[in-house]
Amino acid sequence: MSKRRDDAPSGDLETKDGRHWEHPQTRDAAHHGRREEERQEPLHPTVEDNEEEIRKLELAWAAPTGFIGWFKPVNQRIIGRRFIVTAFVYFVLAGLLGLAMRLQLAVPENDFLPPEIYNQFFTVHGTAMMFLFAIPVLEGFALFVTPMMIGTRDMAFPRLNAFGYYVYLIGSSIFFVMLLVGMAPDTGWFNYVPLAGKLYAPGVGVDIWTTMITFIEVSALTAAVELIVTILKLRAPGMTLNRMPVFVWASLVMAFMIVFAMPSIIVSSSLLILDRLVSTGFFVPEMGGDPLLWQHLFWFFGHPEVYIVLVPALGIVSTIVTTFTQRTLFGYTAIVISIVATGFVSFGLWVHHMFATGLPHLGMSFFMAASAMIAIPNGVQVFCWIATMWGARIQFSTPMLYVLGFFWVFVIGGLTGVMVASIPFDLQVHDTYFLVAHFHYVLIGGSVMPVLGGLYYWYPKMSGRMMSEFWGKVSFALVFIGFNVAFFPMHQLGLDGMPRRVYTYLEEMGWSELNFISTIGAFVLAAGFATTFFNALASLRVGPKAGNNPWHAETLEWVTESPPPPYNQRHIPIVNSREPVWDWREEQERPVVLGLRSDRREVLVTSILDAEPHAVQVVPGPSIWPFLSAIAASVGFVGILFHPIFFVVSFFLAFFSFVGWFWPRRPWRED
Amino acid sequence: MRQYAGMDVSGLTRFAKSTHPLYYGIIGLIAIELTVVAMLTVSYSYLMFSSPEWPPAGLEPAPILWPSVNLGLLLASMVSMRWAGNRISAGDRRGLIIGLSTSVALHMTVLVLRSFEMAAFEFRWDDHVYGSLMWTITGFHFTHVASAIVGTVVVTILATKGYFTPERQLGVVVDTLYWNFVSAAWIPFYLALYWGPRLV
Ligand code: HEM
């Protein structure tokens, strides 16, 4: 790999002998005078990789194996991959529920699903798709990709990462198991009171919904803090904020949105669980409470939530567009500003879900304007992508196809979005299939398609192998056609007045043909998804070897092997532009950081704006404590359904496990 | 591709105290919790303003004396925490331990007073939404004070074992951050719960 210069000293930590290596940018200007005398000695000695050091690094970063070992690893890529895989499992399960609903609706007065089951199915389908699939899968991609994109070896709090995953796994499993025992919630994915109050929903279903959603959001919050700190503090030297890849920006904005949006669902569902378990009166009008409070709190979270899953997906789109046009992204600054603006504006939109509740008029107009305004930053991004692709030689591989599919679907979803943002129209289609069509266009188009593109794109980095292009294209064709056939007719159904959340309808309503077509589309769509999943599984064994950079992409995750070694990069790279990998391809050489110890987990800490190195952080290694802490927390969350005392029990259990987690290991003196 | 040495970081500190990622992590945690505090305060005000009578007919606003004393104690504990941090920066381990223990004692007093106060509430949480809010919000803050106490007790134990030094004091720094949040979080609750009903 590295061609050694004759006069270069060999060995890794040669710099110990006191020489200083300047930042490549400043060296020319500031040290012109020293050039002369250094001519004898090379300015930039080649760094040779030495076997001994690599072995030490591997030892320091290796994840434990074995059954017990499964509960211990904290490496960012392992956790990220687990998030992605688990989320896709829920995607399949919730998708099957969607298919079952479509089967039921295929013909009028069908009796495939009884009404109670249908209610449980749409509730679990909606909840699982939003909370168990969409958010975790994008977090998973962010956790997996961003640390490598910014050129670091792990995230800032590796154990917190692991904790978040177990919380998600435990919470979501409990939620889903309730469906099997027939006790799932049946009050819709936004769980409105008073329907979700004790009076109208006496079973444990809603209890489970509230506790488990709160619990799962804890995991989203840990991932968010993790991402924010990692992105701001652990970037490779030279990666100033305005050289940060767009996907990293998108993850950062997503994380900030999670931090400010999720607490509101945590508060609202905690209040609801109190109402249900100890008879408080927050949402009970007879006691002075107010059901509308639930709607405010829920949508203050719920609307940003839509953008939480959209923003990183748009980041994936930008990444893929850059790579497959092999061009610098047009309007980097405009795109970044749009992403940030989307984050802000999305918090001003919550009331647009409540246009039908009769709030004061002036306030409503404000929210109507804000709802229309959100179209602007999204429009800007679309134009920047078009400009990037304009006249470029586009390589139509599967990831790029998914992005093109996304354009089409997302533009329609955006259009219907602007339509329902207008209050008079919204009042017409409120709670009809027009809405169902709209949000599936936005969610599947805006989120699922880019995510599938991202799966094809980063799969080689995750597994070291390529997915089949042929089956990728087949899957795209099925998804694209199936999706439009399934969901486009729903617009018309909505305008014809078909309400959502009905388990059947009468022949005379004239909705039969469109419903039948829609069901066929749903099955084609499902076949498309299935093709991708089989492709992914089969390629683990038979896919061609990927090599470091199969797509000739420009971001840092592609300079290391596929799959990367446990420490991600042999040397932390130093970055001088937005497309470092393309520069290095031209220059045939690249600067790296020396001086991180190989015998323990060290990452480089840099400043927030300019990524100037100023410290080294020693990150913790594998540990069982995050898992035990997650168990301790689960005891509380599940226990309170039976007795309030579990709150106290779990407080102390969690306390002890946190102490075990943070207790410093001897010898301390060593650092 | 040739790799060359761009910079050497072997001399950088491994102890950075207020630029350490953990510091920012705790700030993130506080941002989340502040949002929760804001949500609870806003919910309280929302329900207060949409009720015809607040507190419900026949009730006086809750007594304000002890909550005010608590506020004083909480603020004082922020000062003693600050002092503890200064002591360890100066390498004074004894001072650190004294400062930490004083702060814990102050928070314990708050818990005791708070327990009496809650026991004396004239209403239960299931009487009306006013009761629900009072119990939930004070309970929320109670739990936070309790967790700040147990966390700081652990830090104190580590301090007695000589773990902290002027360089290695990140643990104290982040514990203080969280401590300050817990103490200061009482301010909005205090204003909303005790002054709100008196002013509207
Ligand atoms: C396999 C593809 C999918 C099919 C066949 C499908 C089908 C359906 C159907 C039939 C409904 C119920 C409509 C009603 O009765 O009101 C529904 C609701 C819903 N779907 Fe999907 N869906 C799919 C994928 C998704 C995805 C990927 C997401 C989100 C990321 C999603 C989110 C939702 C939500 C939030 C609801 C509303 C649930 C409620 O009313 O509480 N769906 N879907």
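1. A polar contact is taken here as a pair of N or O atoms within 3.5 Å, one able to donate a hydrogen and the other to accept it within protein; residues adjacent in sequence count only if both atoms are side-chain atoms. On that rule, 17 residue pairs, both members at pLDDT 80 or more, are in polar contact across the interface of chain B and chain A. The model under discussion is a predicted one.

2. As to which parts of chain B are involved, β1 (2-8), α1 (21-50) and α4 (129-160) each supply at least two residues of the side that touches chain A. The largest share of that side comes from α1(B), with 16 residues. By residue class, the side of chain B that touches chain A divides into 28 nonpolar, 19 polar and 7 charged residues.

3. Regarding extent, 76 residues of chain A are in contact with 54 residues of chain B. The two chains bury about 5,700 Å² between them, and carbon and sulfur atoms give 69% of this area. B:Met1, B:Arg2 and B:Gln3 supply 16% of the area that chain B buries against chain A, more than any other three residues.

4. The count of salt bridges between chain B and chain A is 1. In this salt bridge, the side chain of B:Arg2 meets that of A:Glu589, with an N to O distance of 2.9 Å.

5. The chains are also joined through strand pairing: β1(B) and strand β1 of chain A (residues 589-594) pair in the parallel sense over 6 bridges. Within this pairing, B:Met7 of β1(B) is the bridge partner of A:Val593.

Technical notes: Residues are numbered from 1 along each chain as its sequence is written. Chains are lettered from A and ligands numbered from 1 in the order in which they are written. This is a predicted model: local features need pLDDT of at least 70, side-chain atom pairs count only at pLDDT 80 or more; totals for chains, interfaces and linings use all residues. Side-chain values use heavy atoms; hydrogens and water are left out. Contact means heavy atoms within 4.5 Å. Buried area is the accessible area (1.4 Å probe) that two parts lose on being put together, summed over both. A salt bridge is a side-chain nitrogen of Lys or Arg within 4 Å of a carboxyl oxygen of Asp or Glu. Helices (H or I, at least four residues) and strands (E, at least two) are DSSP runs, numbered from the N terminus. Ala, Val, Leu, Ile, Met, Phe, Trp, Tyr, Cys and Pro count as nonpolar, Asp, Glu, Lys and Arg as charged, and the others, Gly among them, as polar. Two strands pair if DSSP finds at least two bridges between them.
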